[in-house]
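Biologist: I'd like to learn how to read a model like this one. Could we go through it feature by feature?

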Amino acid sequence: MDEDYYSIDSILAENQKIQCTFKVDIPEMGHLDGGMERDIKALSKMQIPLWMAYILIYSDYADFTIPPPFNARVRNALNAEARSVRLSGLVGQGGSWYGFGKIIMQLLDDIPATEMSNILTKTFRDRLLEVIDQAQHFAALGSGGGVRSTADVTQMFREGLDSTERELFILAQESAKRTKKWYETSERGRR
Amino acid sequence: MALPASIRSSVTPPELELIASEQLVDIIPLIAMDKTAFISGAYGPLRPPAKSRVPLWMATNLKLKKKCHIVPPDWLCVEFLQDRLMRETSQAEFCELPFRFAEVAKVLLDVASDDMQNPDKIRSLLKDLREARQAKSREGLQKLDHSELSLPNFCSLEINEIRPFFVRAMGVLTQVSRTTQE
């Protein structure tokens, strides 16, 4: 999530493509699209990896459209009930929806960027409690795995966690487990 | 990142217990001992049946050798805890408890439950308190923002339990909020 050059999370978050519309002709670069064309024509649309898109957008060679994980349909769904949206489905398994969103936010101008930030923040808050609740619930079941009740809403939610939330889930679960273990064990023999 | 993942995010409960073991408790010694210097300070002399104030680690050690009775602290009794539990469940804030009450209570209940009246009741009250307070910290999570979080009277073990994911969650909020940038 952070901007550190060496941050693996940040590199992984960039592993997405966004749709760009070129403003100028670029000769001899048609292979980027994997197509047969030799040159990129102005106004042609192309899926560009995010890491390459930066430079194109900043140097004004291309414009981009808000990628599908953040389009109006998803926004409406998030507004209605953030917990029922499967973020992992939007960015692919192991993807970081928040990380992706943050990069898009930085590419945007003032007002849409603030809007984007609000969506990210609101979604994160709305889902956080459920993430932690479930993590603590699973820690309480013990490491044996316990009874798996499948095919319910909570399972759906867990599968829909993006990598950022997954990390939080693990942190909370580990922490609750440690504390539970401490409460349950006695160090009496060691004293 | 040479540390194992489990202790990278915060200290562990046994470490907190170790820190809490430096706190002083009253004991009624059953043996006599002169004033003795330890690394953390000089304690004693022990003159039965006079009360003496020693660190928790020393008290538990003596207790397990049946060389003292431990006088439980004022707050570790049914009436006090019942009162706190009442307050805890009736008001929105966390009520005031000794900062390391969970650790001290656990150690004392572990080794010196025979020096207390009604240890089982105390255990169940502590458990209820813990649950009531956990429910409140869960509410705190809802109010989380990127810059600050204030939970007065939150105790060391509780802070430690929520630290890893509260910190991470605040980190994420910092990343996605625009107000902090530039």
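Biologist: How many bridges join strand 1 of chain B to strand 5 of chain B, and do they run parallel or antiparallel?

Modeller: Before that, some ground rules: this is a predicted model, where local features need pLDDT of at least 70 and side-chain atom pairs count only at pLDDT 80 or more, while totals for chains, interfaces and linings use all residues. Residues are numbered from 1 along each chain as its sequence is written, chains are lettered from A and ligands numbered from 1 in the order in which they are written, and side-chain values use heavy atoms, with hydrogens and water left out. Helices (H or I, at least four residues) and strands (E, at least two) are DSSP runs, numbered from the N terminus, and two strands pair if DSSP finds at least two bridges between them. Here, 4 bridges link strand 1 to strand 5 (residues 68-71) of chain B, and the two run antiparallel. B:I28 has B:H69 as its bridge partner, and B:P29 has B:C68.

Biologist: Which residues of strand 1 of chain B are on the covered face, and which on the uncovered one?

Modeller: In strand 1 (residues 24-29) of chain B, B:V25, B:I27 and B:P29 make up the covered face, and B:L24, B:D26 and B:I28 the uncovered one. In strand 5 of chain B, B:C68 and B:I70 are on the covered face, with B:H69 and B:V71 on the uncovered one.

Biologist: On to helices. Which residues of helix 4 of chain B are buried?

Modeller: Start with the general idea: an α-helix has 3.6 residues a turn, so residues three or four places apart point the same way. Buried means under 20% relative accessible area, exposed over 50%, and partly exposed in between (1.4 Å probe, protein chains only). In helix 4 of chain B the buried ones are B:V78, B:L81, B:R84, B:L85 and B:E88. They cover an arc of only 135 degrees around the axis, so they sit on the same side of helix 4 of chain B; the arc is that of the directions from the helix axis to the C-beta atoms.

Biologist: What do the buried residues of helix 4 of chain B pack against, and which exposed residues are on the face turned away?

Modeller: They pack against helix 6 (119-142) of chain B, where contact means heavy atoms within 4.5 Å. The face turned away from the buried side carries the exposed residues B:E79, B:M86 and B:S90.

Biologist: Now salt bridges. How many does a search of the whole structure find over all chains?

Modeller: It finds 23, each being a side-chain nitrogen of Lys or Arg within 4 Å of a carboxyl oxygen of Asp or Glu. One of them pairs A:R127 with A:E165, the closest N and O atoms being 2.7 Å apart. A:R127 lies in helix 6 (residues 110-141) of chain A and A:E165 in helix 8 (residues 163-184) of chain A, so the pair ties together parts that are 38 residues apart in sequence.

Biologist: Is A:R127 buried or exposed, and how does A:E165 count?

Modeller: A:R127 is buried, at 0% relative accessible area, and A:E165 counts as buried at 1%. Compare B:K63 and B:D114, whose side chains meet in a salt bridge (3.4 Å, N to O). B:K63 is buried at 9%, whereas B:D114 counts as exposed at 58%. Salt bridges that share partners also join B:E88, B:R133, B:K136 and B:E158 into one network.

Biologist: Last one: what area is buried between chain B and chain A?

Modeller: Buried area is the accessible area (1.4 Å probe) that two parts lose on being put together, summed over both. Here that is about 3500 Å², with carbon and sulfur atoms giving 61%. B:R168, B:V176 and B:R178 supply 19% of the area that chain B buries against chain A, more than any other three residues. The contact takes 35 residues from chain B and 36 residues from chain A.

Biologist: And how many salt bridges does the rule find across the interface of chain B and chain A?

Modeller: The rule finds 2 there. B:R138 forms a salt bridge with A:D133, the closest N and O atoms being 2.6 Å apart.
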